[in-house]
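Subject: Structure for you to look at

Hello,

I am passing on the structure below, followed by notes on what was found in it. Please read the notes with the model open beside you.

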Amino acid sequence: MKPDLSTEFVGIRSPNPFWLASAPPTDRAVNVQRAFKAGWGGVVWKTLGIDPPVVNVNGPRYGFWQGDNRRVQGFSNIELISDRSILSNLREIAEIKAQWPDRAVVVSVMFPLEESVWAEWLPRVEATGADGIELNLGCPHGMSERGMGSAMGQAPELVEMVTRLAKAHTGLPVIVKLTPNVTDITWGAVAAQAGGADAVSLINTINSIVSVDLERMAPMPTVDGKGTHGGYCGPAVKPIALNMVAEIARHPALAGLPISGIGGVGTWRDTAEFMALGASNVQVCTAAMLYGFRIIEDLVGGLQTWMTEQGHTRLEDFIGRAVPNVSDWSQLNLNFVTKAKIDVDRCIGCGRCYIACEDTSHQAIGRVADSGRYQVRAEDCVGCNLCVAVCPVSDCISMAAMAGGVDPRTGVSITAQPMNWTQHPNNPMAPCPSGEGQGD
Amino acid sequence: MSLSAVILSPELLEARFRPLEEVLPASEAPMEAERCYYCHDAPCVTACPTDIDIPGFIRAIAVGQPARAAERILQANPLGGSCARVCPVETLCEQSCVRQGEEGGPVRIGRLQRLSMAQASPDLFPAATAEVRAQKIAVVGAGPAGLAGAHLLAREGFAVDLFEAQARAGGLNESGIAAYKMLDDAAQHEVAHLLTGDRIQLRCGMALGRDIALAQLRSDYDAVFLALGLQGQHRLQIPGEDLAGVLPAVPFIARMRRGEPVPVGQKVVVIGGGMTAIDIAVQIRLLGAEEVHLCYRRGPEAMGASAREQQLARDQGVLIHHFRRPLRIEGEGGDCVAIWLQPTVLQDECCVDQGQPLRWAVDQVFTAIGQRFNPEVWGEDGASLQLDAHGKIAVDADFRTSLPGVWAGGDCVGRSDDLTVHAVADAKRAVLSMLGDLRHET
């Protein structure tokens, strides 16, 4: 039997944990119709604003960074919220929801800080039959210049205020979408929770200049000779998003606050990683924009395959499972010793590990003269993992933990007894071992 | 029976030779370049006789600067352009690529180099030294070794007179290499780049032993670099070798490439197992021969032509026969009509005859069994040079000949295989040595 992917997120049910994030793919009924046909579990409708609608640039909206084989690694946009009238959006939302009752339809909104606006429009959103509201407090370009988007999301007191405003005028669950353009993501999450948020979603896009056109000497995308900072997303932002999700998931005051994970999700593995760090579902945009809605089949099939291999039957089996292992640096075990190990049978002799270690690390790799292969000198290896990163061959270099004996680099015996920085004798703040070092 | 005469016209070149070009589309270059692991102490560089910084130039392609890639190549090998076309990379750099045993095989270094060198221009060579030396050097022979030598010497500030017996410079690149490898007048473009500047005087139609004498050169110049190539064709030493229709491959290819009418048979046998054998077999087929058989007296592993070259010939319909030794060629009215071949087998690593001789009716036979140094051509000049055991000019590790002030390199010396890349490597070494010796003299 295939694993069950159905979810209930703040009371909103969907057949799978994959929602399309509020963005161009969810701008209109024709797109959402295609998305649901393709199998997406839900959508967060492209952010609504009050009339008159915003106006987008007519030049390029997107910039990008392409890695090897011209694959887009990072994607940036300067598009604003929905540039269609709010009423036509609401009409389409109602049609879609009526047609797809089993799918999640959440409506993203960005309204000014005027209670009358919220009081007028949230009930009308609710009347469409939509399942929830997402507050766009994260858009870092354009809208932020008008005091909305990330301009609100960057001020915790505004986050709380807007959340409270939204909650006061709707009975629907309210999800607060957080901006990563802050020093500490948890401040916004705490504020959202204080305002009554049912959940948070993160991350919105990261402020960025994705590249510079060196002929026109202007940021990309370039509109008539000028460019502006845009919102960065795609595979490149995933590590930043994962950390922010984990920071919220492990924050003591935020325990139990549901998280919708966003940021570079394009594969089952990305999904599993976000969920292991505490996200209950994920939102996807860039991957769909790059490959089309059909990528949902790969996401669903991939996640089910992995879950079957792991013996997971439902998402709850692994949601949040990695959270207890996310720790402060000071809690890491300094008595844990690893050494790099090169599998000589797999080594092709390219020397990448050697030159990386020799030039920039600890001179712990040497060439075996007769074979032209490389090997690690355990007495110099600090276990940094750089060689693993640069080796072009899979499963050739691995890090092996020392289970016993003496670390040949330090001469210190390996002990099963962990010791972290708070306990380390070099830490001036660590409690002194009894009877030592006093009064000398 | 007379053979039909065919001219290698531009139309024929486009229709039949062009499709054999091995080029990497520019659109595929970045992807191929990114396959390079950018090895430290890369084995491909070690495998290249001219030490081209292969990972370095490939990285320049990967970051979108093929002209810088060409610059990098030319730093190590001024004939990087023709080497990209004629090098048997499958036995040199690509063979040693660490990806050899990996999925996708080795990085296609040769094709990446070819693509880079499409950007070549005289500006991309390393800058010549500003110092103008008073010393003058004579380089004899404007083939790969002579061109490389003259270019490198000029770059070092010497005035160079470059003597060439033929009407055009280029040597085997101009006249001996298969036409499909050197399309678009590639050899002459390269020559023009190499000889840019005013320090090299190219003097064509000047043959050693006829128009110039070694003794005179030695007294007129501070040093002499002999890059004479090989003029003599090895002979089969079998009856019938002088019949009409029996031809050595290299002069035939030279005539064909000059655009002269060449005879093309219907049933053709090529004797030999090296690159020239492949070159003539493929080209005579492209020129219209109906049946082309390549006969080699030993097995496929012993052939000088790489497996890839052999496959190229097969793809063109050339039938390759191993273990066939030519016995004699039968004539009728002065024309060759048949060749007798003795089957052989390998016994204790020796080829021995086995079975009955075969008679094949043929109207054309090519010999491609190598060339030899022919000192007699230069009269007294040839006699004055000490030769090695293989009858080529004897040189030391720095390519000094037995005559003081005279260096030699390329095919006329036997220190390496007769590849363009080795000729360049010889010239590099010889120039370094000349530089050292000439400095001491002043």
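Two strands are said to pair if DSSP finds at least two bridges between them. Helices (H or I, at least four residues) and strands (E, at least two) are DSSP runs, numbered from the N terminus. In β10(A), for instance, A:S201 is the bridge partner of A:K177.

This is a predicted model, in which local features need pLDDT of at least 70 and side-chain atom pairs count only at pLDDT 80 or more, while totals for chains, interfaces and linings use all residues. Residues are numbered from 1 along each chain as its sequence is written, chains are lettered from A and ligands numbered from 1 in the order in which they are written, and side-chain values use heavy atoms, with hydrogens and water left out.

The barrel in chain A

Chain A holds a closed barrel of 8 strands with parallel pairing, in the order β3-β4-β7-β8-β9-β10-β15-β16. On average, neighbouring strands of this sheet are turned by 25° against each other, direction ignored. (Axes are lines fitted to C-alpha atoms, for helices over the stretch in contact, and angles run from 0 to 180 degrees between N-to-C directions.)

Another partner pair here is A:V176 with A:V200 in β10(A). Helix α5 (residues 156-168) of chain A packs on the sheet and touches β8 (132-136) and β9 of chain A; the direction of α5 makes about 155° with that of β9(A). Contact means heavy atoms within 4.5 Å. Helix α8 (residues 268-276) of chain A also packs on the sheet, touching β3 (18-20), β15 (259-262) and β16 (281-284) of chain A, and its direction makes about 135° with that of β16(A).

Both faces of β10(A) are covered, with A:A199 and A:S201 buried on one side and A:V200 and A:L202 buried on the other. Buried means under 20% relative accessible area, exposed over 50%, and partly exposed in between (1.4 Å probe, protein chains only).

Other pairings and helices in chain A

Strand β14 (residues 230-233) of chain A runs antiparallel to β6 (residues 72-77) of chain A, joined by 3 bridges. β14(A) also pairs in the antiparallel sense with β11 (residues 206-208) of chain A, over 3 bridges. A:Y232 in β14(A) is the bridge partner of A:S76 and stands opposite A:I206.

The axes of α1 (residues 29-38) and α2 (residues 86-99) of chain A come within 10 Å and cross at roughly 20°. α1(A) and α2(A) are therefore roughly parallel (angles under 35 degrees; over 145 is roughly antiparallel, 65 to 115 roughly perpendicular, the rest oblique). Residues that meet include A:V32 and A:F36 in α1(A), and A:E92 and A:I96 in α2(A).

A:A151 lies in helix α4 (residues 150-153) of chain A. A:A151 is partly exposed, with a relative accessible area of 25%. Beyond its neighbours within four places in sequence, A:A151 is in contact with A:S144 and A:L158.

Nonpolar cores

A nonpolar core is a set of buried Ala, Val, Leu, Ile, Met, Phe, Trp, Tyr and Cys residues joined through side-chain atoms within 4.5 Å. The largest has 113 residues, and B:I54, B:F57, B:L226 and B:I393 have the most contacts inside it. Helix α17 (residues 420-441) of chain B gives the most to this core, with 9 residues. A second, separate core of 86 residues includes A:F111, A:L277, A:A287 and A:W306.

Regards
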